[in-house]
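Visitor: I have a protein structure open and would like a short tour. Could you take my questions one at a time?

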Amino acid sequence: MEDYQQWNIVIDKKDISKANIEISDIAELEEDQLLLKIEGYALTANNISYASTGDLVGYWNFFPAEDSSNGIVPVWGYAQVIESTHLEFEAGMRFYGYFPMGSHLIVSPAEGDVSAGFMDGSEHRAPMAPIYNHYRKLSDGSHDEMEALRAIVQPLFMTSFLIEHKFRSEEWFGADNVIMTSASSKTAMGLAYMVKNDSPDVRRIGLTSAANVEFTMDTGLYDQVISYDDAFGEHGLDAEENCVSVDFAGNTEFLGQIHDHFGDNLKFSSLIGMTHVGKSGPRDAISGVQPVFFFAPAAAQEFINDLGQAEFDSQAGRALYGFLDFISGQIDVRTIEGPQAVQQAYEMLFSGSVSASEALYANIG
(Lines give C-alpha, C1' and ligand atoms only; values in the text may rest on other atoms or scores of the structure.)
Protein backbone atom coordinates (compact mmCIF):
# COMPACT_ATOMS: atom_id res chain seq x y z
CA MET A 1 0.00 0.00 0.00
CA GLU A 2 1.23 3.48 -0.83
CA ASP A 3 1.78 6.05 1.89
CA TYR A 4 -1.24 8.36 1.97
CA GLN A 5 -2.14 11.37 4.04
CA GLN A 6 -5.67 12.51 4.74
CA TRP A 7 -7.28 15.67 5.96
CA ASN A 8 -10.49 16.13 7.92
CA ILE A 9 -12.42 19.15 9.13
CA VAL A 10 -12.67 18.72 12.91
CA ILE A 11 -15.26 20.53 15.01
CA ASP A 12 -14.91 21.50 18.66
CA LYS A 13 -17.75 19.57 20.32
CA LYS A 14 -18.13 22.24 23.01
CA ASP A 15 -18.30 25.06 20.46
CA ILE A 16 -19.43 23.79 17.08
CA SER A 17 -18.77 27.16 15.46
CA LYS A 18 -15.05 26.29 15.58
CA ALA A 19 -13.72 24.22 12.68
CA ASN A 20 -10.10 23.31 12.00
CA ILE A 21 -8.17 21.29 9.42
CA GLU A 22 -6.47 18.16 10.74
CA ILE A 23 -3.89 16.30 8.61
CA SER A 24 -2.81 12.76 9.47
CA ASP A 25 -1.33 9.59 8.03
CA ILE A 26 -3.70 6.87 6.83
CA ALA A 27 -3.43 3.52 8.58
CA GLU A 28 -2.43 0.34 6.73
CA LEU A 29 -5.40 -1.61 5.42
CA GLU A 30 -6.33 -4.78 7.24
CA GLU A 31 -7.75 -7.84 5.49
CA ASP A 32 -10.97 -7.24 3.50
CA GLN A 33 -10.83 -3.46 3.72
CA LEU A 34 -11.05 -0.65 1.19
CA LEU A 35 -9.43 2.76 1.11
CA LEU A 36 -11.84 5.23 -0.44
CA LYS A 37 -10.68 8.54 -1.91
CA ILE A 38 -13.56 10.94 -1.45
CA GLU A 39 -14.36 12.76 -4.68
CA GLY A 40 -16.99 15.25 -3.60
CA TYR A 41 -19.88 15.93 -1.25
CA ALA A 42 -22.72 18.29 -0.47
CA LEU A 43 -22.42 20.99 2.17
CA THR A 44 -25.81 22.09 3.48
CA ALA A 45 -27.58 23.18 6.66
CA ASN A 46 -28.13 19.47 7.21
CA ASN A 47 -24.46 19.21 8.20
CA ILE A 48 -25.00 21.86 10.86
CA SER A 49 -27.93 19.83 12.20
CA TYR A 50 -25.60 16.81 12.40
CA ALA A 51 -23.12 18.85 14.44
CA SER A 52 -25.84 20.33 16.66
CA THR A 53 -27.12 16.86 17.57
CA GLY A 54 -23.76 15.09 17.40
CA ASP A 55 -23.94 13.73 20.95
CA LEU A 56 -27.73 13.47 21.19
CA VAL A 57 -28.23 11.34 18.08
CA GLY A 58 -24.71 9.90 17.79
CA TYR A 59 -23.45 11.56 14.61
CA TRP A 60 -19.99 12.04 16.13
CA ASN A 61 -19.65 8.25 16.38
CA PHE A 62 -19.52 7.54 12.65
CA PHE A 63 -16.08 9.00 12.00
CA PRO A 64 -14.29 9.49 15.35
CA ALA A 65 -11.66 12.20 15.51
CA GLU A 66 -8.23 11.41 16.95
CA ASP A 67 -8.90 13.85 19.79
CA SER A 68 -12.20 12.89 21.44
CA SER A 69 -12.92 16.55 22.27
CA ASN A 70 -13.38 17.06 18.53
CA GLY A 71 -15.89 15.60 16.12
CA ILE A 72 -16.00 15.05 12.35
CA VAL A 73 -19.26 16.03 10.66
CA PRO A 74 -20.73 13.44 8.27
CA VAL A 75 -21.49 14.39 4.66
CA TRP A 76 -23.22 12.69 1.71
CA GLY A 77 -21.26 12.26 -1.48
CA TYR A 78 -19.10 10.11 -3.75
CA ALA A 79 -15.85 8.19 -3.42
CA GLN A 80 -13.61 5.87 -5.42
CA VAL A 81 -11.69 2.80 -4.29
CA ILE A 82 -7.95 3.47 -4.54
CA GLU A 83 -6.65 0.49 -2.51
CA SER A 84 -8.30 -2.84 -1.71
CA THR A 85 -7.47 -5.96 0.29
CA HIS A 86 -10.91 -7.40 -0.47
CA LEU A 87 -11.14 -9.92 -3.34
CA GLU A 88 -14.54 -8.65 -4.54
CA PHE A 89 -13.56 -4.98 -4.84
CA GLU A 90 -10.99 -3.34 -7.05
CA ALA A 91 -9.53 0.10 -7.58
CA GLY A 92 -11.70 2.40 -9.66
CA MET A 93 -15.08 1.32 -8.28
CA ARG A 94 -17.20 4.31 -7.25
CA PHE A 95 -19.82 4.55 -4.48
CA TYR A 96 -22.37 6.99 -3.11
CA GLY A 97 -22.83 7.19 0.65
CA TYR A 98 -21.95 8.69 4.02
CA PHE A 99 -18.45 10.08 4.48
CA PRO A 100 -16.44 12.28 6.82
CA MET A 101 -15.99 15.93 5.95
CA GLY A 102 -12.51 15.16 4.69
CA SER A 103 -10.54 13.38 1.99
CA HIS A 104 -10.42 9.60 2.69
CA LEU A 105 -12.23 6.78 4.49
CA ILE A 106 -11.35 3.16 5.30
CA VAL A 107 -14.34 0.78 5.23
CA SER A 108 -14.84 -2.93 5.89
CA PRO A 109 -17.49 -4.27 3.48
CA ALA A 110 -19.83 -6.82 5.01
CA GLU A 111 -21.22 -9.68 2.97
CA GLY A 112 -23.93 -8.77 0.50
CA ASP A 113 -24.70 -8.13 -3.15
CA VAL A 114 -21.46 -6.53 -4.29
CA SER A 115 -22.99 -5.52 -7.64
CA ALA A 116 -25.35 -3.17 -5.79
CA GLY A 117 -22.99 -1.93 -3.08
CA PHE A 118 -22.09 -2.90 0.46
CA MET A 119 -22.70 -2.26 4.14
CA ASP A 120 -19.75 -1.02 6.13
CA GLY A 121 -19.21 -3.72 8.75
CA SER A 122 -16.79 -1.65 10.87
CA GLU A 123 -17.43 -2.55 14.51
CA HIS A 124 -17.92 1.01 15.75
CA ARG A 125 -20.66 1.58 13.14
CA ALA A 126 -22.68 -1.54 13.97
CA PRO A 127 -25.09 0.28 16.37
CA MET A 128 -25.90 2.92 13.73
CA ALA A 129 -28.99 3.01 11.53
CA PRO A 130 -28.41 0.86 8.39
CA ILE A 131 -29.29 3.70 6.02
CA TYR A 132 -26.08 5.50 7.10
CA ASN A 133 -23.85 2.43 6.66
CA HIS A 134 -24.89 1.48 3.12
CA TYR A 135 -22.72 2.43 0.15
CA ARG A 136 -24.43 2.26 -3.24
CA LYS A 137 -22.33 1.23 -6.22
CA LEU A 138 -22.55 3.61 -9.15
CA SER A 139 -23.52 1.40 -12.06
CA ASP A 140 -21.12 2.41 -14.81
CA GLY A 141 -18.35 3.96 -12.76
CA SER A 142 -18.55 7.20 -14.74
CA HIS A 143 -19.34 10.72 -13.62
CA ASP A 144 -22.79 12.22 -14.15
CA GLU A 145 -23.35 15.95 -14.74
CA MET A 146 -26.18 15.83 -12.19
CA GLU A 147 -24.07 14.25 -9.44
CA ALA A 148 -23.38 17.45 -7.53
CA LEU A 149 -27.05 18.44 -7.41
CA ARG A 150 -28.06 14.89 -6.52
CA ALA A 151 -25.57 14.78 -3.64
CA ILE A 152 -27.01 18.06 -2.34
CA VAL A 153 -30.66 17.14 -2.72
CA GLN A 154 -30.95 13.38 -2.15
CA PRO A 155 -30.39 13.08 1.63
CA LEU A 156 -32.51 16.17 2.31
CA PHE A 157 -35.30 15.10 0.00
CA MET A 158 -35.47 11.61 1.48
CA THR A 159 -36.45 13.23 4.79
CA SER A 160 -39.10 15.29 2.95
CA PHE A 161 -40.42 12.19 1.18
CA LEU A 162 -40.67 10.27 4.46
CA ILE A 163 -42.40 13.09 6.36
CA GLU A 164 -45.10 13.45 3.73
CA HIS A 165 -45.70 9.71 3.63
CA LYS A 166 -45.88 9.47 7.41
CA PHE A 167 -48.28 12.39 7.76
CA ARG A 168 -50.46 11.20 4.88
CA SER A 169 -50.65 7.73 6.45
CA GLU A 170 -51.94 9.48 9.61
CA GLU A 171 -54.45 11.45 7.50
CA TRP A 172 -52.56 14.59 8.45
CA PHE A 173 -53.84 14.22 12.03
CA GLY A 174 -57.10 15.79 10.91
CA ALA A 175 -55.43 19.05 9.84
CA ASP A 176 -55.96 21.02 6.63
CA ASN A 177 -52.77 23.07 6.79
CA VAL A 178 -49.07 22.33 7.25
CA ILE A 179 -46.80 25.06 8.63
CA MET A 180 -43.10 24.78 7.81
CA THR A 181 -40.35 26.85 9.41
CA SER A 182 -37.14 27.53 7.44
CA ALA A 183 -39.32 27.31 4.35
CA SER A 184 -36.45 28.34 2.07
CA SER A 185 -34.37 25.32 3.13
CA LYS A 186 -34.02 22.46 0.64
CA THR A 187 -35.71 19.99 3.01
CA ALA A 188 -38.73 22.23 3.54
CA MET A 189 -38.96 22.83 -0.20
CA GLY A 190 -38.85 19.08 -0.73
CA LEU A 191 -41.70 18.58 1.72
CA ALA A 192 -43.75 21.35 0.09
CA TYR A 193 -43.15 19.67 -3.28
CA MET A 194 -44.33 16.29 -1.97
CA VAL A 195 -47.41 17.77 -0.28
CA LYS A 196 -48.32 19.71 -3.41
CA ASN A 197 -48.13 16.53 -5.51
CA ASP A 198 -49.39 13.81 -3.16
CA SER A 199 -51.53 15.67 -0.60
CA PRO A 200 -52.92 18.55 -2.67
CA ASP A 201 -55.83 19.20 -0.28
CA VAL A 202 -53.39 20.21 2.47
CA ARG A 203 -52.54 23.92 2.37
CA ARG A 204 -48.81 24.69 2.52
CA ILE A 205 -47.68 27.65 4.66
CA GLY A 206 -44.00 28.61 4.75
CA LEU A 207 -42.27 30.70 7.40
CA THR A 208 -38.89 32.20 6.60
CA SER A 209 -36.71 35.25 7.19
CA ALA A 210 -37.74 38.53 5.58
CA ALA A 211 -34.73 38.31 3.25
CA ASN A 212 -35.90 34.94 1.88
CA VAL A 213 -39.63 35.69 1.47
CA GLU A 214 -39.39 36.64 -2.22
CA PHE A 215 -37.27 33.63 -3.18
CA THR A 216 -39.54 31.26 -1.26
CA MET A 217 -42.70 32.69 -2.86
CA ASP A 218 -41.16 32.51 -6.33
CA THR A 219 -40.64 28.75 -6.03
CA GLY A 220 -44.39 28.31 -6.35
CA LEU A 221 -44.33 25.56 -3.74
CA TYR A 222 -46.29 27.37 -1.04
CA ASP A 223 -49.84 28.66 -0.82
CA GLN A 224 -48.68 31.33 1.60
CA VAL A 225 -45.25 32.61 2.69
CA ILE A 226 -44.88 34.73 5.83
CA SER A 227 -41.80 36.25 7.41
CA TYR A 228 -41.01 35.35 11.00
CA ASP A 229 -41.53 38.97 11.98
CA ASP A 230 -45.09 38.95 10.59
CA ALA A 231 -46.07 35.44 11.68
CA PHE A 232 -48.35 36.50 14.51
CA GLY A 233 -49.46 39.87 13.17
CA GLU A 234 -52.63 40.99 11.39
CA HIS A 235 -51.68 39.31 8.10
CA GLY A 236 -49.90 36.36 9.65
CA LEU A 237 -50.97 32.88 10.70
CA ASP A 238 -54.71 32.37 11.13
CA ALA A 239 -55.16 30.90 14.61
CA GLU A 240 -58.63 29.62 13.67
CA GLU A 241 -57.22 27.17 11.12
CA ASN A 242 -56.29 23.66 12.21
CA CYS A 243 -52.76 22.68 11.29
CA VAL A 244 -49.68 20.57 11.83
CA SER A 245 -46.28 22.13 12.38
CA VAL A 246 -43.03 20.87 10.85
CA ASP A 247 -40.11 22.65 12.44
CA PHE A 248 -36.84 22.69 10.49
CA ALA A 249 -35.44 25.67 12.40
CA GLY A 250 -35.02 24.32 15.93
CA ASN A 251 -35.87 27.69 17.48
CA THR A 252 -37.59 26.59 20.68
CA GLU A 253 -38.90 30.04 21.61
CA PHE A 254 -40.50 30.57 18.20
CA LEU A 255 -41.96 27.06 18.18
CA GLY A 256 -43.51 27.81 21.56
CA GLN A 257 -45.17 30.86 20.05
CA ILE A 258 -46.67 28.71 17.29
CA HIS A 259 -48.08 26.36 19.91
CA ASP A 260 -49.52 29.24 21.96
CA HIS A 261 -50.97 30.89 18.85
CA PHE A 262 -52.91 27.87 17.62
CA GLY A 263 -53.71 26.16 20.91
CA ASP A 264 -55.94 23.14 20.33
CA ASN A 265 -55.98 23.83 16.59
CA LEU A 266 -52.39 22.58 16.40
CA LYS A 267 -52.95 18.86 15.84
CA PHE A 268 -49.35 17.66 15.67
CA SER A 269 -45.88 19.16 16.05
CA SER A 270 -42.83 17.58 14.42
CA LEU A 271 -39.16 18.46 15.00
CA ILE A 272 -36.82 17.92 12.07
CA GLY A 273 -33.73 20.13 11.97
CA MET A 274 -31.80 22.93 13.59
CA THR A 275 -31.09 25.57 10.95
CA HIS A 276 -31.30 28.29 13.65
CA VAL A 277 -28.14 27.32 15.51
CA GLY A 278 -28.08 28.18 19.20
CA LYS A 279 -31.84 28.74 19.39
CA SER A 280 -32.83 25.34 20.74
CA GLY A 281 -33.66 24.84 24.39
CA PRO A 282 -35.82 22.91 26.83
CA ARG A 283 -39.29 22.23 25.46
CA ASP A 284 -40.97 21.56 28.81
CA ALA A 285 -42.82 24.89 28.78
CA ILE A 286 -44.29 24.45 25.29
CA SER A 287 -48.08 24.31 25.51
CA GLY A 288 -50.50 21.90 23.83
CA VAL A 289 -49.38 18.85 21.89
CA GLN A 290 -45.78 18.02 22.65
CA PRO A 291 -43.27 18.21 19.77
CA VAL A 292 -42.13 14.83 18.47
CA PHE A 293 -38.68 14.33 16.94
CA PHE A 294 -38.84 12.84 13.42
CA PHE A 295 -35.95 10.39 12.92
CA ALA A 296 -35.79 9.71 9.19
CA PRO A 297 -33.85 6.39 9.33
CA ALA A 298 -36.49 4.84 11.60
CA ALA A 299 -39.29 6.13 9.35
CA ALA A 300 -37.49 4.74 6.29
CA GLN A 301 -37.13 1.30 7.86
CA GLU A 302 -40.81 1.28 8.79
CA PHE A 303 -41.76 2.22 5.22
CA ILE A 304 -39.43 -0.46 3.81
CA ASN A 305 -40.92 -3.08 6.12
CA ASP A 306 -44.39 -2.19 4.82
CA LEU A 307 -43.57 -2.05 1.09
CA GLY A 308 -40.40 -4.05 0.62
CA GLN A 309 -37.05 -2.57 -0.42
CA ALA A 310 -37.70 -2.69 -4.18
CA GLU A 311 -41.02 -0.84 -4.04
CA PHE A 312 -39.64 1.70 -1.56
CA ASP A 313 -36.68 2.38 -3.86
CA SER A 314 -39.03 2.72 -6.84
CA GLN A 315 -41.36 5.22 -5.16
CA ALA A 316 -38.55 7.23 -3.58
CA GLY A 317 -36.57 7.26 -6.83
CA ARG A 318 -39.48 8.58 -8.91
CA ALA A 319 -40.16 11.32 -6.39
CA LEU A 320 -36.48 12.26 -6.12
CA TYR A 321 -35.93 12.65 -9.84
CA GLY A 322 -39.08 14.71 -10.15
CA PHE A 323 -37.80 17.06 -7.45
CA LEU A 324 -34.31 17.18 -8.97
CA ASP A 325 -35.83 18.32 -12.26
CA PHE A 326 -37.85 20.96 -10.42
CA ILE A 327 -35.13 22.33 -8.16
CA SER A 328 -32.46 22.46 -10.88
CA GLY A 329 -34.20 25.62 -12.09
CA GLN A 330 -34.48 27.10 -8.59
CA ILE A 331 -30.93 27.00 -7.16
CA ASP A 332 -27.38 27.54 -8.34
CA VAL A 333 -24.73 24.98 -7.39
CA ARG A 334 -21.41 26.56 -6.38
CA THR A 335 -18.41 24.24 -6.43
CA ILE A 336 -15.57 24.75 -3.96
CA GLU A 337 -12.21 23.00 -3.77
CA GLY A 338 -9.69 22.17 -1.06
CA PRO A 339 -9.73 21.87 2.74
CA GLN A 340 -9.56 25.62 3.41
CA ALA A 341 -12.62 26.20 1.23
CA VAL A 342 -14.51 23.39 3.01
CA GLN A 343 -13.59 24.87 6.39
CA GLN A 344 -14.84 28.28 5.27
CA ALA A 345 -18.01 26.75 3.84
CA TYR A 346 -18.80 25.08 7.16
CA GLU A 347 -18.37 28.42 8.94
CA MET A 348 -20.66 30.12 6.38
CA LEU A 349 -23.33 27.46 6.87
CA PHE A 350 -23.04 27.82 10.63
CA SER A 351 -23.50 31.59 10.43
CA GLY A 352 -26.41 31.24 7.99
CA SER A 353 -24.70 33.36 5.36
CA VAL A 354 -25.27 31.01 2.41
CA SER A 355 -28.04 32.32 0.16
CA ALA A 356 -31.23 30.27 -0.06
CA SER A 357 -30.86 30.29 -3.86
CA GLU A 358 -27.39 28.75 -3.67
CA ALA A 359 -26.06 25.29 -2.81
CA LEU A 360 -22.47 24.27 -2.05
CA TYR A 361 -20.64 21.22 -3.39
CA ALA A 362 -17.08 20.36 -2.36
CA ASN A 363 -15.01 18.92 -5.22
CA ILE A 364 -12.28 17.01 -3.38
CA GLY A 365 -10.69 15.54 -6.51
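Guide: The questions below concern this predicted model.

Visitor: Is H4 parallel, perpendicular or oblique to H5?
Guide: Helix H4 covers residues 147-169, and helix H5 covers residues 186-198. Their axes lie 8 Å apart, at an angle of about 40°. Angles under 35 degrees count as roughly parallel, and 65 to 115 as roughly perpendicular. Therefore H4 to H5 is oblique.

Visitor: Is the crossing of H4 and H5 left-handed or right-handed?
Guide: H4 and H5 pack with their axes 8 Å apart. Their crossing is right-handed.

Visitor: How many residues of the contact of H4 with H5 are nonpolar?
Guide: H4 brings residues including Leu156, Phe157 and Ile163. H5 brings others, among them Leu191, Met194 and Val195. Four residues of this contact are polar and four are charged, while the nonpolar ones number eight.

Visitor: Which residue caps the N-terminal end of H7?
Guide: Look at the backbone nitrogen of Glu253. A side-chain oxygen lies 3.3 Å from that nitrogen. The oxygen belongs to Asn251.

Visitor: Is Glu171 buried or exposed?
Guide: Glu171 sits in the loop between H4 and E10. Its phi is near 55°, a positive value in a residue other than glycine. Exposed means over 50% relative accessible area. Glu171 has 66%, so Glu171 is exposed.

Visitor: And Ser182, buried or exposed?
Guide: Ser182 lies in the loop between E10 and H5. Its phi is also positive, near 50°. Buried means under 20% relative accessible area. Ser182 has 6%, so Ser182 is buried.

Notes
Residues are numbered from 1 along each chain as its sequence is written. This is a predicted model: local features need pLDDT of at least 70, side-chain atom pairs count only at pLDDT 80 or more; totals for chains, interfaces and linings use all residues. Side-chain values use heavy atoms; hydrogens and water are left out. Axes are lines fitted to C-alpha atoms, for helices over the stretch in contact, and angles run from 0 to 180 degrees between N-to-C directions. Helices (H or I, at least four residues) and strands (E, at least two) are DSSP runs, numbered from the N terminus. Angles under 35 degrees count as roughly parallel, over 145 as roughly antiparallel, 65 to 115 as roughly perpendicular and the rest as oblique. A crossing is left-handed if the near helix is turned anticlockwise from the far one by less than a right angle, and right-handed if clockwise. Contact means heavy atoms within 4.5 Å. Ala, Val, Leu, Ile, Met, Phe, Trp, Tyr, Cys and Pro count as nonpolar, Asp, Glu, Lys and Arg as charged, and the others, Gly among them, as polar. A polar contact is a pair of N or O atoms within 3.5 Å; within protein, one must be able to donate a hydrogen and the other to accept it, and residues adjacent in sequence count only if both atoms are side-chain atoms. Buried means under 20% relative accessible area, exposed over 50%, partly exposed in between (1.4 Å probe, protein chains only).
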